[in-house]
Amino acid sequence: MNQLDLEHRIIRLMKESETKRAYITFVHPETANWLREVYLPYRAEFIRKYENAVRQIGQDVEKWKEKLFPFQLSDMRISIKEAMRKVLGKEFRLYDVRSFWASYMLKQGVSPMIINLLQGRAPPEQFKILQQHYFVISDIELQQIFDKYAPKLL
């Protein structure tokens with residue numbers, strides 16, 4: 001939750017692992033409004049309802065409460081797959097969403113470098129070096145590109 005800034009519509013992931021890096025991403029205005037008006041009230045009620053159960057099974061309640069989506073990853077994947085079957089009548093790999101997003105952005109004329117930055121293929125430190133020495137682009141400019149070209153959910 002501390003990485004989410006709905007006022008500026010930014011999510012600062014700052015995550016780096018062996019296979020994935022994520023620095024920053026954005027949400028469209030409609031998504032920010034939906035998160036604020038629909039999801040966050042639902043989330044607050046969910047946390048209120050299940051906090052004691054999480055505590056009883058010995059989990060770190062404060063860490064759990066900090067998650068934007070305080071659900072088990074495996075449960076989320078199952079729910080997404082069920083929704084796919086219900087709505088589409090079939091399943092696809094979740095990775096295909098990432099692939100679609102990159103392809104869509106390329107077809108919109110977005111630079112592959114920007115796509116790599118937004119999809120976390122460039123580590124945060126490399127992005128800072130690019131910003132400081134070679135490729136001057138700000139978070140605001142990245143957000144403008146995202147707003148103009150990225151596909152929308154809502």
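The following is a conversation about a predicted model.

Trainee: What should I keep in mind about the model and the numbering?
Mentor: The model is predicted, so local features need pLDDT of at least 70 and side-chain atom pairs count only at pLDDT 80 or more, while totals for chains, interfaces and linings use all residues. Residues are numbered from 1 along each chain as its sequence is written, and side-chain values use heavy atoms, with hydrogens and water left out.

Trainee: Where is Asp-139?
Mentor: Asp-139 is in helix 7, residues 139-149; helices are DSSP runs of H or I with at least four residues, numbered from the N terminus.

Trainee: Is Asp-139 buried or exposed?
Mentor: Asp-139 counts as buried because its relative accessibility is 17%; buried means under 20% relative accessible area, with a 1.4 Å probe and protein chains only.

Trainee: Which side chain does Asp-139 make a polar contact with?
Mentor: The partner is the side chain of Arg-12, at 3.1 Å. A polar contact is a pair of N or O atoms within 3.5 Å; within protein, one must be able to donate a hydrogen and the other to accept it, and residues adjacent in sequence count only if both atoms are side-chain atoms.

Trainee: Turning to Phe-26, what is it in contact with?
Mentor: Leaving aside neighbours within four places in sequence, Phe-26 is in contact with Arg-9, Ile-10, Leu-118, Asp-139, Leu-142, Gln-143 and Phe-146; contact means heavy atoms within 4.5 Å.

Trainee: And where is Leu-154?
Mentor: Leu-154 lies in the segment after helix 7.

Key. Helix = DSSP H or I, 4+ residues; strand = E, 2+ residues; numbered from the N terminus. Buried < 20%, exposed > 50% of the residue type's maximum accessible area, 1.4 Å probe, protein only.
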